[in-house]
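Please open the model in a viewer and keep the sequence panel beside it.

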Amino acid sequence: MRTLILTSVVTIAWSGTALAQSESITADPLPQSAETSHQAVYDPFEGVNRRLYAVHDVLDRWILEPAARGYRFVTPRPVRGSVRNFLSNLNAPVVLANDLLQGQARRAGATVARFGVNSTVGVLGLFDPAQSMGLEPHTEDFGQTLAVWGVSEGPYLFVPLFGPTNLRDGFGNVVDAAFDPLSWTTFEGDDEFALTRGVIGGLAMREELLDPIDSIRATSIDPYARFRSLNALNREGEIRNGAAATDGLPDFDAPQEDDFPAAIDAEPLVPSTDGEGGPALPSTPIALNTLNPSIAGGAAHD
Amino acid sequence: MTEVSVTRSVVLAALAGVAVLIAASPAAAARNEVAEQHVLTHANAALDALADRSASHSAREAAFRTSITQMADVPRIATFVLGRYGVRVRSDPALHALWLQAFEDYTLAVYQDQLNRYAGSQVRITGSLERVQGRDVVVRSEMTSPVSGRILTLQWRVLQGANGWRVTDVSFVADGNEIWFAQQQQSEFALQLDRTNGDINALISGVRARTADLRQRALASAR
């Protein structure tokens with residue numbers, strides 16, 4: 001679910017629920033993001049992933065979405081904002097650790113300062129006065145750290161109730177959870193705090209995604225494909241830590257080779273690994289630092 | 001003494017002038033006001049069309065269609081989003097016409113669905129970057145959600161073509177991330193076409209079905 005919210009941050013923009021102004025246009029190198037994003041996503045388990053997505057979709061429509069709508073109905077907008085702030089503040093140790101692991105001293109400093117200001121002036125993180133002091137929030141996770149270290153994303157995975165991810169980022173989430181001190185904290189011997197935090201966090205995230213997911217379902221001819229490519233593009237941006245780039249935009253008029261001519265009236269060229277037919281996607285995962293040469297030296301805005 | 005003072009002033013003034021020139025020249029060279037004006041005029045006309053509650057639903061749709069088709073190079077986008085499968089459409093005029101109509105209807109329905117949330121707001125141009133002089137510009141803009149007050153940052157890819165400047169793609173920017181809409185569509189359509197061995201007619205059916213759903217949704221929200 002955490003990945004789902006990251007994936008959909010851009011579609012949130014369309015629905016107007018959560019946006020931040022971003023940096024000015026820069027000309028940093030960017031991979032040929034979109035046309036290649038379809039090709040770049042290594043999805044050897046597409047058949048299985050699609051089935052898992054279908055399971056997720058049913059669970060979401062019957063459980064998560066109604067719960068999120070109920071949460072929206074009973075809580076005013078400022079309360080929901082404070083819940084998000086509080087949860088985000090609790091995640092500061094994980095962000096800080098990953099800032100440091102990526103060698104981002106300035107961002108680590110900002111994370112510490114934000115945590116200090118928001119935990120005190122911001123009443124235990126319920127408010128975000130640090131932002132109005134120029135300390136913009138940013139996210140980091142171990143999946144991003146691994147990418148910065150040059151680890152490829154591995155196969156794409158869709159995990160019910162969790163959302164789109166890949167082997168590297170999924171592993172990163174496990175490490176983040178293990179590293180998070182609050183995952184291990186018990187109060188008077190019971191672990192209700194961790195459970196409550198997980199439930200409220202899931203509700204808050206799904207509520208924030210009500211409009212974007214509704215939009216994807218309404219406009220997409222293949223929501224599975226939409227989630228997959230949005231996840232890839234969104235993670236590229238997060239790993240880049242950077243402002244919008246324009247250098248790698250595609251040439252609209254370049255004739256593109258139809259490189260599957262024999263597949264029109266014939267059997268699939270290469271059987272897919274999940275046995276569903278259809279041409280297989282590229283068999284080699286593409287290292288993210290190959291896709292994006294500016295990963296390690298991005299601007300300081302996540 | 002006086003001579004020294006004058007010399008210092010001149011040097012300081014010269015340095016300041018050089019600094020201003022250095023600071024100003026890249027930005028001045030990068031902007032393209034014609035492309036900016038094209039976006040401003042037509043994007044706001046489209047938003048105004050959606051916000052016009054005195055007009056009937058069909059009249060609003062027609063005005064919106066006019067604005068978008070004047071603003072964007074829909075045929076060019078329609079070919080681009082097919083990626084490597086575009087060659088099949090280009091070689092078959094009948095299929096090309098079918099695809100173009102289906103894609104235009106779908107695109108307008110999607111834009112209308114998304115921009116309805118911003119009906120009543122106005123696009124503000126915040127800058128532009130000329131990628132290729134006189135031919136390829138990225139225009140940067142903002143608009144404010146009338147509901148939440150949040151600011152949406154949009155970028156428009158504007159290319160010079162046979163009919164002058166036309167938008168070929170739009171992206172929104174959030175927290176340093178950006179998604180270009182036509183590129184995203186290309187990716188989605190490519191996966192769909194891969195799964196059907198490049199069957200453009202199947203894609204047209206899918207796009208038409210989605211367009212019909214979106215029109216129903218627009219009609220329901222207009223009531």
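How many helices and strands does chain A have? Chain A has 15 helices and two strands, where helices (H or I, at least four residues) and strands (E, at least two) are DSSP runs, numbered from the N terminus.

Before the first selection, please note the conventions. This is a predicted model, in which local features need pLDDT of at least 70 and side-chain atom pairs count only at pLDDT 80 or more, while totals for chains, interfaces and linings use all residues. Residues are numbered from 1 along each chain as its sequence is written, chains are lettered from A and ligands numbered from 1 in the order in which they are written, and side-chain values use heavy atoms, with hydrogens and water left out.

**Stop 1: chain A as a whole**

Select chain A. Of its 302 residues, 54% are buried; buried means under 20% relative accessible area, exposed over 50%, and partly exposed in between (1.4 Å probe, protein chains only). Chain A exposes about 13100 Å², and carbon and sulfur atoms supply 65% of that area. Accessible areas come from the Shrake-Rupley method with a 1.4 Å probe; for residues, only the protein chains shown count as cover. Among contacts (heavy atoms within 4.5 Å) between residues at least 6 apart in sequence, 76% in chain A join residues at least 24 apart.

**Stop 2: helices H4 and H14 of chain A**

Select residues 46–74 (H4) and 223–240 (H14) of chain A; these helices pack at an angle of about 105°, with their axes 10 Å apart. Axes are lines fitted to C-alpha atoms, for helices over the stretch in contact, and angles run from 0 to 180 degrees between N-to-C directions. H4(A) is therefore roughly perpendicular to H14(A). Angles under 35 degrees count as roughly parallel, over 145 as roughly antiparallel, 65 to 115 as roughly perpendicular and the rest as oblique. Display the side chains of A:Glu46, A:Asn49, A:Arg50 and A:Tyr53 in H4(A), which meet A:Pro223, A:Tyr224, A:Phe227 and A:Arg228 in H14(A).

**Stop 3**

Move to residues 92–101 of chain A, helix H6, whose buried residues are A:Ala92, A:Val94, A:Val95, A:Ala97, A:Asn98 and A:Asp99. These buried residues pack against helices H5 (77–90), H7 (105–120), H9 (142–148) and H10 (167–179) of chain A. Just after H6(A), select A:Gly103, which takes a positive phi of about 70°.

Next, select residues 210–219 of chain A. Nine of the 10 residues of this helix, H13, are buried, so it is largely enclosed by the rest of the structure. The buried residues include A:Asp211 and A:Arg217.

**Stop 4: the hairpin of chain A**

Select residues 156–159 (E1) and 163–166 (E2) of chain A, two antiparallel strands joined by four bridges. Two strands pair if DSSP finds at least two bridges between them. A:Val159 stands opposite A:Gly163. Three residues lie between the strands, and A:Leu161 takes a positive phi near 70° in this hairpin.

**Stop 5: chain B and its sheet**

Now select chain B, which has eight helices and five strands. From the N terminus on, its elements run α-α-α-α-α-α-β-β-β-β-β-α-α. Buried residues make up 51% of its 223 residues.

The five strands form an open sheet in the order E1-E2-E3-E4-E5, with antiparallel pairing. E1 (124–132) and E5 (177–180) of chain B stand at the edges, each with a single partner strand, so one side of each is left without a neighbour in the sheet. The twist averages 25° from one strand to the next. Within the sheet, nine bridges join E2 (136–144) to E3 (151–161) of chain B, and B:Arg140 has B:Gln155 as its bridge partner. Helix H7 (181–195) of chain B lies across E4 (164–174) and E5, running at about 65° to E5(B).

**Stop 6: B:Ala102**

Finally, select B:Ala102 in helix H6 of chain B. Is this residue buried or exposed? B:Ala102 is buried, with a relative accessible area of 4%. Leaving aside neighbours within four places in sequence, B:Ala102 is in contact with B:Ile204, B:Val207, B:Arg208 and B:Thr211.
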